[in-house]
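This briefing goes through the structure shown below, topic by topic, with attention to the boundary between the chains and to charged side chains. Please read it with the coordinates open.

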Amino acid sequence: MSRVLVGVKRVIDYAVKIRVKPDNSGVVTDGVKHSMNPFCEIAVEEAVKLKEKKLIKEVVAVSCGPTQATETIRTALAMGCDRGIHVEVTGKDYESMGPLQVSKILAALAKREEASLVIVGKQAIDDDCNQTGQMTAALLDWPQGTFASEVTLEGDKVKVVREIDGGLETIKINMPAVLTADLRLNTPRYATLPNIMKAKKKKIANMKPAELGVDMVSRGPGGGSEGDILRGLLAVEQSSRQHGGLISSSRTHLHPAIVATDFHDSSSLKGYSETLSFTELIQPTGG
Amino acid sequence: MSNPLRSEVLKLYRNLLYLGREYPKGADYFRERLKFAFTKNKDVTDPCEIRKLVAQGDCVIKELGNLYYLREYTAMKKLYHKQELFALLNIGRSTD
């Protein structure tokens, strides 16, 4: 029987109101409530469900990051995983860590643990990358079932129903494979206190990326060591929306630009070089 | 209170306390009401009654789990499947 590797990520809790640092270098993370990425919860739940159906033997939860990442692994263990692996990444390496580095780590671990399935969430709610699963599959040269809303194991193949733009797509892929969990895959269980107590007895192995032969640096083009090719530059708060206003139906209240425009012909707007905000357009000119 | 039931009640209390930390109206709000609910029944001695109340507590745990799940699901749905959510609720732009 087989082993499933589940990747989980520690992110700022979805219910927290994000604040930008005063120097606009990023988002405030100190003292802010963190929890497991919702899509990762769904991934863990799916793996545990497969184990409960006796289709797989063991579920291993993996997380990359500083010591606090072990809290996320503990939650995964409380949800039913058998053991955890904490890949320790701290400091500058952690700040520049992205899907590429994580997928390298997951690929190395999948090979080492001889996993037949790697399940991750489709994307993280903090960076919305939607890349880790796909990159892991590419590095392992395994088939991938992304945006999975239904997973069925059929012998040595997996039937995946994927949620795509046009609707639902059903594919059958060989194992070993990588799956990414979408919202409708399942309903993750809440880790209650008795389960958390039981999880304290489960083991979490600790290792460094170097032990897996993974280089955490993201290289510039040309393979040279020019440093990070991906680096956060600026974080700015979203400007608050202006309130809309009620207008009468009279045409004279509209901005001259709209009144003058024959909407079938854009040339009538050529006279107007100013950019108008929507509120300007609906507000009567001259107050 | 008879011994096995005492530990059950304490387990229930601790469980609820743990779950209440994420209560939307605030952990303190929840803790106050939890304490009140338990102290209100502190003089109950009939084991049948106690078991019934413990079962009630288990229902509350299930409800809380559902509440937290629904909250998270709705937030994720709004973030990533907004059009679908609005179509279900029959609101939003019909021109998309």
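A polar contact is a pair of N or O atoms within 3.5 Å; within protein, one of the two must be able to donate a hydrogen and the other to accept it, and residues adjacent in sequence count only if both atoms are side-chain atoms. By that rule, 5 residue pairs, both at pLDDT 80 or more, are in polar contact between chain A and chain B. The model is a predicted one.

**Chain A as a whole**

- The secondary structure of chain A comprises 8 helices and 11 strands, and buried residues account for 44% of its 287 residues.
- Among the contacts in chain A with a separation of 6 or more, 69% are between residues 24 or more positions apart.
- Chain A has an accessible surface of about 16,000 Å², and 51% of that belongs to carbon and sulfur atoms.

**The interface between chain A and chain B**

- In this interface, 24 residues of chain A are in contact with 16 residues of chain B, and the two chains bury about 1,800 Å² between them, with 62% of it on carbon and sulfur atoms.
- Tyr14(A), Leu183(A) and Tyr190(A) supply 38% of the area that chain A buries against chain B, which is more than any other three residues supply.
- The count of salt bridges between chain A and chain B is 1, and the side chains of Lys33(A) and Glu22(B) meet in a salt bridge at 3.8 Å, N to O.
- The elements giving two or more residues to the side of chain A that touches chain B are H1 and helix H6 (193-199) of chain A; by class, that side has 13 nonpolar, 4 polar and 7 charged residues.

**Buried charged residues**

- Lys77(B), placed in helix H3 (residues 47-80) of chain B, has a relative accessible area of 3% and therefore counts as buried, the cut-off being under 20%.
- Apart from residues up to four places away in sequence, Lys77(B) touches Leu183(A) and Arg184(A) of chain A, together with Lys82(B), Glu84(B) and Leu85(B).
- Lys122(A) sits in the loop between strand E6 (117-121) and helix H5 (132-140) of chain A, where its relative accessibility of 8% makes it buried.
- The side chain of Lys122(A) is joined to that of Asp182(A) by a polar contact of 3.2 Å, and the residues that Lys122(A) touches beyond four places in sequence include Phe39(A), Phe147(A), Tyr80(B) and His81(B).
- Glu45(A), in helix H1 (residues 38-52) of chain A, is buried at a relative accessible area of 4%, and its contacts beyond four places in sequence are Met79(A), Asn186(A), Thr187(A), Pro188(A) and Arg189(A).

**Salt bridges**

- Side chains of opposite charge can pair when their charged atoms come close; the count over all chains comes to 18 salt bridges.
- Glu169(A) and Arg162(A) form a salt bridge whose closest N and O atoms are 2.6 Å apart, with Glu169(A) partly exposed at 29% relative accessibility and Arg162(A) buried at 16%.
- Glu163(A) pairs with Arg184(A) in a salt bridge, the closest N and O atoms being 2.9 Å apart; because Glu163(A) lies in strand E8 (residues 157-164) and Arg184(A) in the loop between strand E10 (177-181) and H6 of chain A, the pair ties together parts that are 21 residues apart in sequence.
- Of these two partners, Glu163(A) is buried, with a relative accessible area of 10%, whereas Arg184(A) is partly exposed at 39%.

Notes. Residues are numbered from 1 along each chain as its sequence is written. Chains are lettered from A and ligands numbered from 1 in the order in which they are written. This is a predicted model: local features need pLDDT of at least 70, side-chain atom pairs count only at pLDDT 80 or more; totals for chains, interfaces and linings use all residues. Side-chain values use heavy atoms; hydrogens and water are left out. Helices (H or I, at least four residues) and strands (E, at least two) are DSSP runs, numbered from the N terminus. Buried means under 20% relative accessible area, exposed over 50%, partly exposed in between (1.4 Å probe, protein chains only). Contact means heavy atoms within 4.5 Å. Buried area is the accessible area (1.4 Å probe) that two parts lose on being put together, summed over both. A salt bridge is a side-chain nitrogen of Lys or Arg within 4 Å of a carboxyl oxygen of Asp or Glu. Ala, Val, Leu, Ile, Met, Phe, Trp, Tyr, Cys and Pro count as nonpolar, Asp, Glu, Lys and Arg as charged, and the others, Gly among them, as polar. Accessible areas come from the Shrake-Rupley method with a 1.4 Å probe; for residues, only the protein chains shown count as cover.
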